[in-house]
Amino acid sequence: MYKKILLAYDGSESGQQALLDCQDLAQWAQAELTLVAVMPLNMDVMGMGVGVYDPQLMEREKQALQAVLDEGMRRLLAAGHKASGEVLVGETVDEITKHARKISADLIVVGHKHLDSWAARWWRGSISRTLIEHSPCSVLVAITH
């Protein structure tokens with residue numbers, strides 16, 4: 001049974017659907033929820049092979065992501081769930097799987113939106129698919145169209 005559920009949350013339409021699915025599952029299983037939002041390490045490229053690190057931009061992005069995470073947390077707490085949340089910084093799949101191991105998660109929930117064109121799917125790749133391959137536990141993918 002799922003007692004510790006990790007939700008990878010970004011506030012997107014697919015993330016909102018994952019939050020709803022996660023709430024229902026947590027209610028049924030009386031599970032503890034952990035929300036994580038992952039902010040990739042930012043490098044603003046100015047030229048070939050030259051990058052400039054902007055700590056102010058990174059801090060603003062982290063604050064914006066924290067606000068999205070806080071809104072998700074408010075929704076869960078208002079619905080009566082036991083929940084915690086954290087903004088992680090790094091490569092998305094690595095950070096999610098590392099945090100899942102850290103909290104001994106039984107299930108990871110992630111949202112996924114089908115992309116319309118094959119080029120978009122190829123260019124963007126699939127975090128959901130990669131997460132399934134590297135996850136230390138079961139993964140539920142909430143799909144939006």
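Colleague: How far apart in helix 3 are Lys 98 and Glu 95?
Modeller: They are three residues apart in helix 3, so about one helical turn separates them. Helices here are DSSP runs of H or I, at least four residues, and strands are runs of E, at least two, both numbered from the N terminus. The side chains of Lys 98 and Glu 95 meet in a salt bridge, 3.3 Å from N to O. A salt bridge means a side-chain nitrogen of Lys or Arg within 4 Å of a carboxyl oxygen of Asp or Glu.

Colleague: What sort of model is this, and how are residues numbered?
Modeller: It is a predicted model, where local features need pLDDT of at least 70, side-chain atom pairs count only at pLDDT 80 or more, and totals for chains, interfaces and linings use all residues. Residues are numbered from 1 along each chain as its sequence is written, and side-chain values use heavy atoms, leaving out hydrogens and water.

Colleague: Is Glu 95 buried or exposed?
Modeller: Glu 95 counts as buried, because its relative accessibility is 14%. Buried means under 20% relative accessible area, exposed over 50%, and partly exposed in between, with a 1.4 Å probe and protein chains only.

Colleague: How many salt bridges does a search of the whole structure find?
Modeller: Three. One of them joins Glu 32 and Lys 82, with the closest N and O atoms 3.9 Å apart. Glu 32 lies in strand 2 and Lys 82 in the loop between helix 2 and strand 5 (83-89), so this pair ties together parts 50 residues apart in sequence.

Colleague: How exposed are Glu 32 and Lys 82?
Modeller: Glu 32 is partly exposed at 30% relative accessibility. Lys 82 is exposed, at 58%.

Colleague: And what do Arg 74 and Glu 71 do?
Modeller: Their side chains meet in a salt bridge, 3.0 Å from N to O. Arg 74 and Glu 71 are three residues apart in helix 2, so about one helical turn lies between them. Glu 71 is partly exposed, with a relative accessible area of 37%.

Colleague: New topic. How many residues are in the largest nonpolar core?
Modeller: It has 23 residues. Leu 7, Leu 35 and Val 109 are among those with the most contacts inside it. A nonpolar core is a set of buried Ala, Val, Leu, Ile, Met, Phe, Trp, Tyr and Cys residues joined through side-chain atoms within 4.5 Å.

Colleague: Which element gives the largest share of this core?
Modeller: Helix 1, with six residues. A second, separate core of 14 residues includes Leu 6, Ala 8, Leu 88 and Ile 108.

Colleague: What about Ala 105: where does it lie?
Modeller: Ala 105 sits in the loop between helix 3 (92-103) and strand 6 (107-113). It counts as buried, because its relative accessibility is 11%. Not counting residues up to four places away in sequence, Ala 105 touches Lys 4, Leu 6, Ala 100 and Cys 137. Contact means heavy atoms within 4.5 Å.

Colleague: Last one. How many helices and strands are in the protein chain?
Modeller: Five helices and seven strands. From the N terminus on, they run β-α-β-β-β-α-β-α-β-α-α-β. Of the chain's 145 residues, 36% count as buried.
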